[in-house]
Amino acid sequence: MSPGETFRIGIKIAEPESGGPLAVHQRAHAKGPGTNPGYRDAEVEITSQNGRQGALWLFTWDGFSPAEGPRHTRDLCWEEGGRLYDVWVSSPVRQADEARGYFDTAVSTFVRTGG
């Protein structure tokens with residue numbers, strides 16, 4: 001997290017799930033209203049990462065508290081080397097353009113280690 005928790009960057013590495021990255025994000029999208037209060041402006045689209053099919057999930061939600069305010073999240077998921085990778089960045093809605101730069105940097109500099 002950045003100072004003040006303005007920008008949050010996450011990386012998840014897991015076993016592949018049924019249906020691949022698109023299905024992973026479609027399931028998360030379907031659960032969005034139950035897991036992210038005020039879930040809205042959401043979409044899941046097919047993309048690629050490192051030459052492999054991936055999925056990009058974009059959404060806005062109310063944030064963790066009224067004082068924090070609405071947040072926007074960009075989340076990329078793909079399979080590679082027998083693992084499922086998920087990289088995301090969340091920010092206040094008003095700073096979504098700045099967060100896009102952090103997201104692009106996180107994705108473009110991410111390097112798998114091992115296997």
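**View A. Aromatic pairs in the predicted model.** The structure holds eight aromatic pairs, where rings of Phe, Tyr and Trp (its six-membered ring) pair if their centres lie within 6.5 Å, and planes under 30 degrees apart count as stacked, over 60 as edge-to-face and the rest as tilted. Phenylalanine 7 and tyrosine 102 form an edge-to-face pair, 4.9 Å centre to centre with 75 degrees between the planes. This pair links distant parts of the chain, 95 residues apart, with phenylalanine 7 in the segment before strand 1 (8-14) and tyrosine 102 in helix 2 (residues 96-109); helices (H or I, at least four residues) and strands (E, at least two) are DSSP runs, numbered from the N terminus. Phenylalanine 7 is buried at 10% relative accessible area, whereas tyrosine 102, at 36%, is partly exposed (buried means under 20%, exposed over 50%, partly exposed in between; 1.4 Å probe, protein chains only).

**View B. The rings of tyrosine 39 and phenylalanine 59.** The ring centres of tyrosine 39 and phenylalanine 59 are 5.3 Å apart and their planes at 45 degrees, so the pair is tilted. Tyrosine 39 lies in the loop between helix 1 and strand 2 (40-49) and phenylalanine 59 in strand 3, so the pair ties together parts 20 residues apart in sequence. Both residues are buried, and ring pairs link Tyr39, Trp57 and Phe59 into a cluster.

**View C. A charge over a ring.** Arginine 74 lies over the face of phenylalanine 103, at 5.4 Å from the ring centre (NZ of Lys or CZ of Arg within 6 Å of the centre and within 35 degrees of the ring normal).

**Notes.** Residues are numbered from 1 along each chain as its sequence is written, and side-chain values use heavy atoms, with hydrogens and water left out. In this predicted model, local features need pLDDT of at least 70 and side-chain atom pairs count only at pLDDT 80 or more, while totals for chains, interfaces and linings use all residues.
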